[in-house]
Amino acid sequence: MRVGVAVRGIYYTHAIAGHPKCGRLHGHAGRVELSVDGPLQSNGMVEDFGELKHVLRQMTEPLDHRTLVPDAEIHPEGRRWVWKNADGERVLLEHDPYILGVTVVTAENLAQWVLGNLISSMPPSIRSATVRFYETDDSYAEATWQR
Ligand SMILES: [Zn+2]
């Protein structure tokens, strides 16, 4: 049986170098859904919703109210960051960026990133997990893991 939870209101900015529209710095109100598949247990649950939400919130909290930047595009310079890519250079304040080990910050890579960080927290009874990362209300990327 499959159960799922969602975390809404992940507010972030990003820019996709070389993209005619998304190359400009812009923001999203993202949403992440996590669903897991496993056997119905004697307590009548596959997994406690509260526990799933707690784990998902922990993974997504660092992304909230941040500028998400690929690690290869940013470096520290004193108490600020210089974010440099094919489109040019931006300066970010010390607390602005969250640096991700991805080549480009897309919904696809964010879904993979969240899922990759969740896998170690999956209870043994869970057979598969799917993360959907909504960049907007009607656009998402989905990543799935199977034990
Ligand atoms: Zn975007």
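H1 and H2 are oblique to each other. This is a predicted model. The points below take the helix pair and then the sheet.

**Helix pair**

- Two packed helices are described by the angle between their axes and the distance between the axes.
- Helix H1 spans residues 49-60 and helix H2 spans residues 107-118; their axes come within 10 Å and cross at roughly 125°.
- The handedness of the crossing between H1 and H2 is right-handed.
- On the H1 side, the residues in contact are Val 55, Met 59 and Thr 60, and on the H2 side they are Val 114, Asn 117 and Leu 118.
- Sorted by class, this contact of H1 with H2 holds four nonpolar residues, two polar ones and no charged ones.

**Sheet**

- An open sheet is formed by three strands, which follow the order S4-S5-S6 with antiparallel pairing.
- The edges are taken by strand S4 (74-77) and strand S6 (88-93); each has a single partner strand, so one side of each has no neighbour in the sheet.
- From one strand to the next, the twist averages 25°.

**Pairing of S4 and S5**

- Strand S5 covers residues 80-85 and pairs with S4 in the antiparallel sense, over four bridges.
- Arg 80 in S5 has Glu 77 standing opposite.

Notes:
Residues numbered from 1 in each chain as written. Predicted model: local features only at pLDDT ≥ 70, side-chain atom pairs only at ≥ 80, totals over all residues. Pairing = 2+ DSSP bridges. Helix = DSSP H or I, 4+ residues; strand = E, 2+ residues; numbered from the N terminus. Axes fitted to C-alpha atoms, helices over the stretch in contact; angles between N-to-C directions. Parallel < 35°, antiparallel > 145°, perpendicular 65-115°, else oblique. Left-handed = near helix turned anticlockwise from the far one by under 90°. Contact = placed C-beta atoms within 7 Å. Nonpolar A, V, L, I, M, F, W, Y, C, P; charged D, E, K, R; others polar.
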